[in-house]
Amino acid sequence: MTSASKNGRRGLVAVAGLSAAALALAGCAAGQPGDDASGSSITIGTTDKVTTLDPAGSYDNGSLAVQTQVFPYLLNTDYQSTDVVPDLAESAEFTSPTEYTVKLPAGLKWANGNDLTADDVKFSFDRQVAIADPNGASSLLYNLDSTEVVDDTTVVFHLKAENDQVFPLILTSFPGAIVDDEVFAADALTPDDDIVAANAFAGPYTITSYDFNTLISFKKNPEYKGLLAEAKTDTVNLKYYAESSNLKLDVQEGGIDVAYRSLSATDIDDLKGNDKVNVVEGPGGEIRYIVFNFDTQPYGAKTPEADPAKALAVRQAVADLIDRDELADQVYKGTYTPLYSYVPAGIAGAVEPLVEMYGDGQGAPDADKAAERLTAAGVTTPVELNLQYSNDHYGPSSADEYALIKDQLESTGLFTVNLQTTEWVQYSEDRTSDVYPAYQLGWFPDYSDADNYVTPFFLIENFLGNHYVNQEVNDLIIKQASEPDPATRTADIEAIQEKVAADLSTVPYLQGAQVAVTGTDVEGADETLDASFKFRYAALSKG
Amino acid sequence: MARSPERAIRIRASPDWRTLTSTTTAPASSASPAKRRPPKSSGGGLGRYIIVRALLIIPTVFILVTLVFVLMRSTGDPITAKLGGQLPADQLAERIHAAGYDRPIIVQYLEYLGQIATGNFGTTLTDNRPVTEILVTYGAATLELAFYALLVAFVVGIPFGLIAAYFRDKGQDASLRVFAILCYATPVFFSGLLLKLIFSVWLGWLPVAGRASVSAQLQMELLPNKTGLYTIDAIMTGNPAVLGDVLAHAVLPAIALGLLTAGVFLRLVRTNVIGTLSTDYVDAARSRGVSEYRLVRKHAYRPALIPIITVIGLQIALLLGGAVLTETTFEWKGLGFMLSEYLQARDFVAVQGIVALLAVIVALTNFIVDIIAALIDPRVRY
């Protein structure tokens, strides 16, 4: 036998041996499934992504989900409550129409041992405004004029507009996270690794291991002095997935304990029939709606046949014909519920004016009523409606959702729908450039309050840019924002919804539920799935 | 007769040194010119070949990065792609100006080339991370996957190719040829999903996705000098369970991606072995009564492997292309996975950096393979 052939044989033997050893080791590991999900720790899976841990550089659910666990907030809502109460703060109140004074308890500490004082609070808000990162949420601090430190435990927010009832809510939200002034940069975003290395946390948890958008390991913070009760689980791991199908498989097979955001409707429906997991649902703040451009919709102000009465009749007919139950059941398998209001159910001030005003008066569609409206207004049918939706921003079911809406409108013979889709980048530009006469949008709230469902949409200068103008609505929105009496404010919000429902600037039709899928031994998901829309890990435990 | 060291070196430098060593008793001057090339010509030819091939990398990479730049910019500037529709027009223009994307395209292009030349690929738009950090962090994962995939390709492709050649035109050969076609014709994402369904969901033998379980990953995170190559890191933990976990996670992605190349190898080995089996020297061996098994195993196998090396260069490009789908299917967080993520996020800066690096890897791999091929088969450089 030649040395060459000996070498070749040895090589093959080596490769075979290596492969066998590898497979044996792999087999050993595979023979111990569920390692991650065992013990005193909990592993949560998500498809959300972190933009940055720095609260000044993020304005997205994925980043907020982590920030909520590790950073302190002056104010917050307790589990299952919509009342804003002191969290890190000892007290918080308006001390004058433009002064909101917050007092901190003495002796607060960051997890790294640094003192947590009013200086940190001022630093946090000043840097939000100074950095004004395009990915950040500093725009929510529109009414903040300046922040003043009175002493180590007292800070005063000077506001531009008086009696801003929304400002305390904003303190519970994206820009409200307090950061350590000895760790964070004053005028630039601080890298995630620096934040983790400095242990600059004071929330219910700290971060002990951080692999960007791959795996985060949280550990209970013994220094936490906030609203929530002590965290029930010492260690929580957050594992990131790109594909919801992998997230579903892992929670189903016990590889993780909890799957939160975002499983597809089909997956959730499938998991509901699986004995190994529990599907827990909570109120959802996400809404879906159709926007009408008042200039370019059929009979809109800038069309050749402009006629406000006919334009209104067209919008009303659409509202009459949409079958919300069918959309919720067929497309979203019950993970979305019908929405007949502008402020979704579960939030103070929510009423359902669209139930009575449109369709059969009980929430179902009514083709005869729609035909009647169009005929009465002198609209020639079928009305040609160009309807646009985004194919990459609101999940994979958007195509089915809008195919069904098209069918609902066309099946009556009253509409001919030209359904078109555009990818989100182009869509975002087009919708504000009057390109789309009617189009799909969705909304996830910045903070859990009715204001966040009316102010961005129905002021004369609004986020939609759909040329909807109603001075009365505009004035009511401004009034409610500074109305100190809760009852009066709620009445104002209800009045706003009634008026907008009559005008139909938008037609809301679906409200999303929050859904978490947990192992059968996991408890607490139902407690934290509340109207705060924050999934707080401190509530979770494993039996 | 004693051999001078100088002559020994000359003989080994010759491509036919093994033939010559069997006739070392003959004077050097009596060697046939057809069997022994002049040492100067041989060494100079290889050196020149290497230099020429090395220089060719520059225009190759240049063309690739230029194509990437042109394709990316043909769809607009990165700021508009990221923030268009979210910011008012004046703020958007301000940011475009601040980032320099309103300058003439040729100026931006030259700056881009300068950045690449200095290894500065900029900072990602979506998560503000240096692109070089992305390349280092996730490049290791892709490298590891490519290594395992090549291993699968060799382990499956070569033996099956030999078997197919041995059973030429019989049932086994036909089955293996069909298998080979299925290997390289089946989309990676499909074979990946199929493998997951069978081995993860139905049988529960292997993990669904990822590079390691949470517990294994946390143990590796504690290492002071992580390499990013999980196999190495797992060994460094000294915990066999961690290594087993990492290998278990690598099995399905490696098979899904490796089979793509295994099919090519199988066909290539089969064809070459069959070709070699019909050569004169094999006929001579056959006439001496050497069995078919020994002919395949001892006489046809090694020559048939040489073309494999030459196609590895091409297969690396195929592997990297396949890695995008494989990594996405199996949540294997490598460069392909990140490329897909950044493409969806319209982060052109990150995409440019990743594609440029992949282009460089492909060019360098081809260069190395060409050199190896030239060393093995001298005819390549003439």
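This is a predicted model: local features need pLDDT of at least 70, side-chain atom pairs count only at pLDDT 80 or more; totals for chains, interfaces and linings use all residues.
Q: What is the strand order in the open sheet of chain A?

A: The order is β4-β5-β7-β6, four strands with antiparallel pairing.

Q: Which strands stand at the edges, and why is one side of each left without a neighbour?

A: β4 (91-96) and β6 of chain A are the edge strands. Each has a single partner strand, so one side of each has no neighbour in the sheet.

Q: And the twist, what does it average?

A: It averages 25° from one strand to the next.

Q: Which helix packs on the sheet?

A: Helix α3 of chain A, residues 118-131, which touches β6 and β7 of chain A. The direction of α3(A) makes about 165° with that of β6(A).

Q: Back to β6 and β7 of chain A, how many bridges pair them?

A: There are 6 bridges, in the antiparallel sense, between β6(A) at residues 144-151 and β7(A) at residues 154-159. The two strands form a hairpin, with 2 residues between them.

Q: What stands opposite A:D151?

A: A:T154, in β7(A).

Q: How many bridges for β4(A) and β5?

A: β4(A) pairs with β5(A), residues 99-103, over 5 bridges, also antiparallel. In this pair A:A92 stands opposite A:V102 of β5(A).

Q: Switching to chain B, what does UniProt annotate at residues 139-373?

A: The unreviewed UniProt entry gives "domain: ABC transmembrane type-1" for residues 139-373 of chain B.

Q: How much of that span is helix, and how much strand?

A: Residues 139-373 of chain B are 83% helix and 0% strand, and the end C-alpha atoms of the span lie 26 Å apart.

Methods:
Residues are numbered from 1 along each chain as its sequence is written. Chains are lettered from A and ligands numbered from 1 in the order in which they are written. UniProt positions are given in the numbering used here, feature names are shortened, and annotations may be inferred rather than shown by experiment. Two strands pair if DSSP finds at least two bridges between them. Axes are lines fitted to C-alpha atoms, for helices over the stretch in contact, and angles run from 0 to 180 degrees between N-to-C directions. Two residues are in contact if their C-beta atoms, placed from the backbone, lie within 7 Å.
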